[in-house]
Amino acid sequence: MERSFAAEVQSLRLAGGDTFHGEGILAVTKALLQSGVSYIGGYQGAPVSHLIDVLGDSRELLDELGIYFEASASEAGAAAMLGASIHYPARGAVTWKSTVGTNVASDALSNLASAGVTGGALIILGEDYGEGSSIIQERTHAFAMKSQMWLMDPRPNLSSIVSAVERSFELSEASSTPVMLQLRIRACHVHGSFECKDNKAPVVSTRNLIEQPAYDYARINLPPSIYQQEKHKIEQRWPAAVKFIQDAQLNEFIEGELSDVGLIVPGGLYNGVIRGLQQLGLADAFGHTRLPIYVMNVVYPLVPDELLDFCRSKKAVLLVEEGQPNYIEDAIHAVLRKAGVDARLHGKDLFPLAGEYTGDVMVDALARFVETEAPAGLVTRPIVAIAQALQEHKAQAANAIGVPVPARPPGFCIGCPERPVFSAIKQIQQKLGQVHVNADIGCHTFGTLPPFNVGSTVLGYGLGLASSSGVGPLMSNRTISIMGDGGFWHNGFTSGVVNAVYNNQDSVLVILQNGYTSATGTQAIPSSPSQPAARPLTLDIEKALVGVGVKWIRKVGSYKVEEMVKALDDAMSTTEGGLKVIIADGECQLERQRRNKPVVAEQLKRGERVVRTRFGIDDDVCTGDHSCIRLSGCPSLTIKPNPSKLRTDPVASVNTGCVGCGLCGENAHAAVLCPSFYKAEVVQNPTAFERFMVRVRTAVIERLAA
């Protein structure tokens, strides 16, 4: 796994009266245990990947409480788990990355929301939006509105997050509706403390089984039930949710002396807002603010009475809402105008229409709001001056640098087994010309970046092959599709492979079998080489391909560039029709290093002989044309000044980050580059004979050199 929580999970046993100290994801797990949850599932994805890791390391505690946990095969599978809460008083929670995971799960969520729930159903979402995001810039809010599910957005501190988890189950049961709880990147990894409660054994559990299965046609999503379900959602569930939110005071009112203006803030953005106010001198380090704030820890549904109470006595309010469409702003406008409240509502007129509201953005918009509305009793000139000074300081820093800092795009890890595959694709394109490549989600998406620039489209996780369906028949040459083994089991097998075989598509698929869902922290998948002890069964990709009728299959070691080039050439040129699949087999180097380093350290500690492989470049042979770098892109392959006074071009060099994967030499051989690469073996704790031979060789070399 990306990180072991074996030590931290002991804090999940804390009882009532104890104080928890730790990370946000651990706090979420503790809140689930305190809520009496019966079952938990999910699919890994930033920024909530660690939740799956924590739960995996907590199996012993989960078993003691009778809680069922599984790492689901996809977000759709996780969402479907919540069907257990439709008929039975079983509280369930699932988790994944949003919005991409919510896209995958949307079918199950729509049906779940229509049928309604008996036990509390909670979806914990990693809201991956903004400058630190790795996905399309969309928000979860649309899904909540579309299916009438309630959306929690708690303030980013552990007490608020834990309370939100516990209250989400209560809200779900009070309104018979699933609840979504979104955690932004900073909320997931925030550290802090909160007062614990005792863990609760669930009412329904693996230790207290359901004896009588339930049946109720009113819960089936078919006519005429669905008509009644829609009516029930609007006439009963929605009012029940609004009443519970109001009675339980899930949203917060923070008083401020400048009472003729105010701020309306989703809970997840509270920290940024309060920090902006501090920068402008409008709040102190303890969160005491001069501007009143209405904090919406529930952003859907809105509570009209609370909004009206907050806005009625104010001449203007500022809504802080990231992204588009501006759902909340439009809804608040409707609430205020229908009630005849004249308070001016600012939002996207002062904030950017789209994008994350960073510190600079927040300070600028707050200062403009204060300048525009001039709250009674506040001198606005110094506040505006502070905002301008901060902007000028940033401009001065940019001028001091002189030139823009170059972009530093992400890339493959050193020794990654996927890099050689893209080197091979580049080489085959030198022979065949430009080839259309359908890229996919995963570490291998980095192949679309320099120096490879391989991949024209990315349509979704496991959808690389499916995205070739339309373009393939229109191309003069076959297309190449990329798919990781994680994507294969998630969605690619059915949506890609089965679809291609059924439609007899004549294309080439490269499956990068590195053994894990590496991009999210090397979590195990059905074909992982090292399955957890609880899951000894390992599935086989090649057998699955054969099982659905794929006839042309080649399995090539990822680091064997020359063999990979030949396999690609054969797949692109063969007269055989149908799908051609190349399985590039090479374990994730990062996971391999994590596993091997402790073993090697123990061997060295015992004084055992250990051999490490390193690669280098002969300065005297290197010509300085750097083809090797352009073809490899390895971070450990760099340049240094030419040692020869007669040549000015810098020479290639292998730095100390090298893990000895051998790609540089493989590329040099396969692409017929210069022979400047050499392989060296570093021997630690050598034998007496090896030490003797080193002395002999050194003496001979010194004599010849003299």
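This is a predicted model: local features need pLDDT of at least 70, side-chain atom pairs count only at pLDDT 80 or more; totals for chains, interfaces and linings use all residues.
## Starting with serine 49

Contact here means that heavy atoms come within 4.5 Å of each other. Leaving aside residues up to four places away in sequence, serine 49 touches Gln44, Thr520 and Gln523.

Serine 49 belongs to helix H2, which covers residues 49-57. Its relative accessibility is 5%, so serine 49 counts as buried, given that the cut-off for buried is under 20%.

Helix H8 (residues 158-175) packs against helix H10 (residues 225-247) with the axes 8 Å apart and an angle of about 145 degrees. Their crossing is right-handed. On the H8 side you'll find Arg167, Glu170, Leu171, Ala174 and Ser175, and these meet Arg237, Ala240, Ala241, Phe244 and Ile245 in H10. Sorted by class, that contact has six nonpolar, one polar and three charged residues.

Now for helix H11 (residues 270-279) and helix H14 (residues 359-373): their axes come within 9 Å and cross at roughly 65 degrees. H11 passes H14 in a crossing that is right-handed too. Gly272, Val273, Gly276, Leu277 and Gln279 are the H11 residues involved, and they meet Met362, Val363 and Leu366 in H14. Here the classes come out as five nonpolar, three polar and no charged residues.

## Rings that pair up

Searching the whole structure turns up 15 aromatic pairs. In one of them, phenylalanine 422 and phenylalanine 452 have ring centres 5.9 Å apart and planes at 40 degrees, so this pair is tilted. For reference, planes under 30 degrees apart would count as stacked, and over 60 as edge-to-face.

## Charges over rings

Arginine 155 lies over the face of tyrosine 270, 4.6 Å from the ring centre.

## Backbone spots to look at

A couple of prolines deserve a glance. Proline 223 and proline 224 are joined by a cis peptide bond, with omega at about 0 degrees, and proline 224 lies in the loop between strand E8 (191-195) and H10. Another cis peptide bond joins tyrosine 300 and proline 301, this time with omega at about 5 degrees. You'll find proline 301 in the loop between strand E12 (298-300) and helix H12 (304-311).

Glutamine 148 has a phi of about 60 degrees and sits in the loop between helix H7 (141-147) and strand E6 (150-152). With 10% relative accessibility, glutamine 148 counts as buried. Serine 176 has a positive phi of about 55 degrees, and its place is the loop between H8 and strand E7 (179-184). Serine 176 is partly exposed, at a relative accessible area of 22%.

Conventions: Residues are numbered from 1 along each chain as its sequence is written. Side-chain values use heavy atoms; hydrogens and water are left out. Axes are lines fitted to C-alpha atoms, for helices over the stretch in contact, and angles run from 0 to 180 degrees between N-to-C directions. Helices (H or I, at least four residues) and strands (E, at least two) are DSSP runs, numbered from the N terminus. A crossing is left-handed if the near helix is turned anticlockwise from the far one by less than a right angle, and right-handed if clockwise. Ala, Val, Leu, Ile, Met, Phe, Trp, Tyr, Cys and Pro count as nonpolar, Asp, Glu, Lys and Arg as charged, and the others, Gly among them, as polar. Rings of Phe, Tyr and Trp (its six-membered ring) pair if their centres lie within 6.5 Å; planes under 30 degrees apart count as stacked, over 60 as edge-to-face and the rest as tilted. A charge sits over a ring if NZ of Lys or CZ of Arg is within 6 Å of the ring centre and within 35 degrees of the ring normal. Buried means under 20% relative accessible area, exposed over 50%, partly exposed in between (1.4 Å probe, protein chains only).
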